Amino acid sequence: MCFDEISLSGYPIGDGSSANQAGEPEYYITINGMFPNGTIFNFNVPTSSGGVITTGEAVAGKWGDAGSFSVAGDFSTMAATVSAADYGIEAELSFTSRTPHHFGCNVTDEPYFESAVPAGHQLSTPEALLYEQLGWATTIPGGSVEVSLTVNGTKFSFTGTGYHDANWLPEPLNAAVTSWYFLNAAVGPYDMSAVLVQAVNSTLQLGTGFLARDGVVLQNQCSVVGTRDTDISTATPTGSYVDNGLTLPTGFTLSYTLANGEVYTFDLSKKGTNPDMSFYHRWIGTASGGPVGGEQETGTAVFEWLNPGLYTYDP
């Protein structure tokens, strides 16, 4: 069974005010998934913002009456539950990390991207939101997850690979971002992620790259594309297919050039799409790769294109 995502969400495009006026909840838990035969499922469980309790570095919280979560103080484990039988879904997830938690720019003091801004560049309002106020923290860069799921009364359980992060912004995301690619994969001993994002009306492209092997970090950087030749990652869309009149990539090539010049490349290929919206596509699929000229591994991937600017993909 393929399982995609569980998250506490606001609205990725716009804010909750218009949704509230339409009678929709301000917050909701989203569970997206796919069965082996390709059938997809989507559940949105309305909830309140709930509450959070911290004890040292450990965190626990509730999503209203619909779910709960807890994160260990050393970030090595995480658990989450959703109890919403009236909405057709119940879930229990238990994550165990194999890779150290991190921010996106190889720093330990703040989760923002301002260190990537080229010297002397005056930030526009959308750029300031992206580089100075959009926070990103990854609790579990890669590891195993145990899942127990009940979908409309039918129970499933399975073990797979897991990833957990959190991001936040004081404005709706589309106020800052016009295009956002996110990629994550677990390939043999490697855990990796990357982001390629562009602010509204900006010529700068922000790229991040995280790569670890057997829990040892090989790269964790953020930079503006084109400003350096080493300690960078590149995410390149590959292939094309047409879906509801839109041309979309079938996968990505993800390349890491380490600070010492070593190069690792990985090919990510789609198997299924969920969600499938004009401004937001997420794919689950396979991944393969490793060091250039070295041993190659295989694994799994999830990657997405959040496209509030409705860019046209041109392969």
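Start at the largest cavity, which holds about 40 Å³ of space. A cavity here is a set of points on a 1 Å grid over the protein atoms alone where a 1.4 Å probe fits but cannot get out, and its volume is the space filled by probe spheres set on the points, joined across faces, edges and corners. The count comes to one cavity of 30 Å³ or more.

This is a predicted model, in which local features need pLDDT of at least 70 and side-chain atom pairs count only at pLDDT 80 or more, while totals for chains, interfaces and linings use all residues. Residues are numbered from 1 along each chain as its sequence is written, and side-chain values use heavy atoms, without hydrogens and water.

Select Ala194, Val195, Leu196, Gly207, Thr208, Ser233, Thr234 and Ala235, which line the largest cavity; lining residues have an atom within 4 Å of a point.

Next, select cysteine 105 and cysteine 222, joined by a disulfide with an S to S distance of 1.9 Å (a disulfide is a pair of cysteine sulfur atoms within 2.5 Å). The whole structure has one disulfide. Cysteine 105 lies in the loop between strand E9 (102-103) and helix H2 (125-133), and cysteine 222 in strand E15 (residues 216-224), so the pair ties together parts 117 residues apart in sequence. Helices (at least four residues) and strands (at least two) are DSSP runs numbered from the N terminus. Both cysteine 105 and cysteine 222 are buried, meaning under 20% relative accessible area with a 1.4 Å probe, protein chains only.

Finally, go to arginine 282 in strand E21 (residues 280-291). Arginine 282 is buried, at 3% relative accessible area.

Technical notes: Buried means under 20% relative accessible area, exposed over 50%, partly exposed in between (1.4 Å probe, protein chains only). On a 1 Å grid over the protein atoms alone, a cavity is a set of points where a 1.4 Å probe fits but cannot get out, and a pocket is an open set with protein on both sides within 12 Å along at least five of seven lines; lining residues have an atom within 4 Å of a point.
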